[in-house]
Amino acid sequence: MKQTEKNTRGRNSTESENEGGEMSAELHQLFLDELADLLNAETQLTKALPKMAKAAQSQDLAEAIRSHLEETENHVTRLKEVFETLNEKAKSKTCKAMKGLIEEGSELMEELKGSSAIDAGLIAAAQKVEHYEIASYGAVRAWAEQMGHTEAVELLGETLDEEKAADEKLTEIAQESANSQA
Amino acid sequence: MNITNEIETDAPAQKPMNENLHRLFVAQLAEMYDAEKKLALALPIVAKAARSEDLKKLVEVHLKETEGHATTIRMVAESLGVELPDRTCKAMRALIKEAVVSLAKHATSPVLDIALIAAAQKIEHYEIAAYGTLCAWATEMGHTSELALLTSTLRQERTADELLTGVAQHTAPLEELIKKHILTRATADMKP
C-alpha cells in the first residue's frame, strides 16, 4: 500500500516535470515558428514598400516610407541575428496575414490611382501593416522574456520600438496633411 | 452646439474636396463591416478551444462587443445616409485563417492558449489600426456624431488587446484586470 502510494506520487511528480519540460519545448517551437513567420513578413514588406513610396503624392509620406524600408531591411537582419543567438538556423515560413495585408494595400492603391485620397489610403494600409508587426513583435518579445533569452529580448525590443515609431510617424503625417488641407 | 449641427447638415455641400476621402471612408467602413461579421463567426471557435476560463470568458465578452461593432458600423452608414457596398476584407480573412491553422496545430499542446492569444492580438491590432484611421477621417470630414460611435468601438478594441496581454501574463484574474482597466480609463478620460 505504502509502496503504491510512493509510486503514485513518484509518477505524478515526473508527469508534472514532463509537462513543464514539454511546455518550454513547445513554447520554444512556437517562438521559432513565429520568428519564421516574421522573417517572411518583413521580406514581403521590403518588396511592397518601394511601390508604396512611389505611389505616394506627398514628399513627406514618400520619405517616411523610404526610411521605413531601410528599417525593415534592418529588421530582416535582426531576425537572423535572433536565430543566431539561439543557435538555430534562420527559417522563413509564408506569412499569409502579411500577404493578405499587402494584397489589400495594392488593391487600394489601384482603386485610388489619380485620386486626391491616395495618401490617406496608403497611410491606412501602412498602419495596418505596422499594427500587425507591433502585435507579432510584442508576442515574440514577451515569449523571449519568459524563456530568459536576454539577447533576443533586446533585439526584438529594438524592432518593436521602431514599428511603434513608424506607426506614430504615419499618424503625424496624416494629421499634418489634414490640417494643411483644411 | 450650433456649429456642430451646421457641419452635420451642410457637410457634403461644404466640403466637396473631400469627396474622394468620403468614398474611401465608405469603402473602408464596408470592409470593416465584413471583417466584424467574419470575426463574429470565428470567435466562438476560439472561445470553445481556449483552456483557461479567463481566456474563454474574455473571448466570449469580446464576441458580444464584436456583434455590437457590426451594428455600430450600420448605424454610422445610416447616419451618413450611405449604403454600404459589398466588400470582402481579405486581411481579416487571412488573419482568421492563420488563427484557425494555429489552433489546429496546437490543439493538444500546452501552449494552445498562448498561441490563441497571439493570434487574437494580431486581429485586435488590425482593428485598432482600421478604426484609428476611420476616426481620423471622420474628424477630418467633420462627422462628429459618427466619430463618437467609431471612437467607442476603437476603445473596446484597445481594451480587448490590453486584457489579452493581462491574461497572457497572468498578472491578475480577468475580473480584477477589467476593474483596474475601467478605473484607469475613467481617470484618463477625466484629463482634458
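This is a predicted model: local features need pLDDT of at least 70, side-chain atom pairs count only at pLDDT 80 or more; totals for chains, interfaces and linings use all residues.
Biologist: Is A:M52 buried or exposed?
Modeller: We can count the C-beta atoms around A:M52. A residue needs 20 or more other C-beta atoms within 10 Å to be called buried. A:M52 has 24 of them, so A:M52 is buried.

Biologist: Which residues does A:M52 touch, leaving out residues up to four places away in sequence?
Modeller: Sequence and space can tell two stories here: A:M52 and A:M109 are 57 residues apart in sequence, yet their C-alpha atoms are 8.0 Å apart in space. With residues up to four places away in sequence left out, A:M52 touches A:I65, A:L122 and A:A126.

Biologist: How many helices does chain A have?
Modeller: Reading along the sequence, the pattern of chain A is α-α-α-α-α. There are zero strands in chain A, and the number of helices is five.

Biologist: What share of the contacts in chain A with a separation of 6 or more joins residues 24 or more positions apart?
Modeller: Chain A has 182 residues, and 41% of them are buried. Among its contacts with a separation of 6 or more, the share joining residues 24 or more positions apart is 76%.

Biologist: Are α3(A) and α4(A) roughly parallel or roughly antiparallel to each other?
Modeller: The axes of α3(A) and α4(A) come within 9 Å and cross at roughly 175°. Angles over 145 degrees count as roughly antiparallel. These two helices, α3(A) and α4(A), are therefore roughly antiparallel.

Biologist: How many nonpolar residues does the contact of α3(A) with α4(A) have?
Modeller: The residues from α3(A) include A:A97, A:L101 and A:M109, while α4(A) gives residues including A:L122, A:A125 and A:Y132. By class, there are two polar and two charged residues, and the number of nonpolar ones is nine.

Biologist: What about the loop between α2 and α3 of chain A: is A:N87 there buried or exposed?
Modeller: A:N87 sits in the loop between α2 (59-85) and α3 of chain A. Its phi is near 60°, a positive value in a residue other than glycine. Most residues other than glycine have a negative phi. As for the surroundings, A:N87 has 6 C-beta neighbours inside 10 Å, so A:N87 is exposed.

Biologist: Are α2(B) and α4(B) roughly parallel or roughly antiparallel to each other?
Modeller: Helix α2 (residues 19-49) and helix α4 (residues 90-105) of chain B pack at an angle of about 10°, with their axes 10 Å apart. Angles under 35 degrees count as roughly parallel. The helices α2(B) and α4(B) are therefore roughly parallel.

Biologist: How many charged residues does the contact of α2(B) with α4(B) have?
Modeller: On the α2(B) side we find residues including B:L39, B:A42 and B:V46, and on the α4(B) side residues including B:I96, B:A99 and B:L103. The contact has nine nonpolar and no polar residues, and its charged residues number two.

Biologist: Finally, which element gives the largest share of the side of chain A that touches chain B?
Modeller: In all, 33 residues of chain A are in contact with 30 residues of chain B. The elements of chain A giving two or more residues to this side are α1, α3, α4 and α5. By class, the side has 16 nonpolar, eight polar and nine charged residues. The largest share is 13 residues, and the element that gives them is α4(A).

How values were computed
Residues are numbered from 1 along each chain as its sequence is written. Chains are lettered from A and ligands numbered from 1 in the order in which they are written. Two residues are in contact if their C-beta atoms, placed from the backbone, lie within 7 Å. Helices (H or I, at least four residues) and strands (E, at least two) are DSSP runs, numbered from the N terminus. Ala, Val, Leu, Ile, Met, Phe, Trp, Tyr, Cys and Pro count as nonpolar, Asp, Glu, Lys and Arg as charged, and the others, Gly among them, as polar. Axes are lines fitted to C-alpha atoms, for helices over the stretch in contact, and angles run from 0 to 180 degrees between N-to-C directions. Angles under 35 degrees count as roughly parallel, over 145 as roughly antiparallel, 65 to 115 as roughly perpendicular and the rest as oblique. A residue is buried if 20 or more other C-beta atoms lie within 10 Å of its own, exposed if 12 or fewer, and partly exposed in between; C-beta atoms are placed from the backbone.
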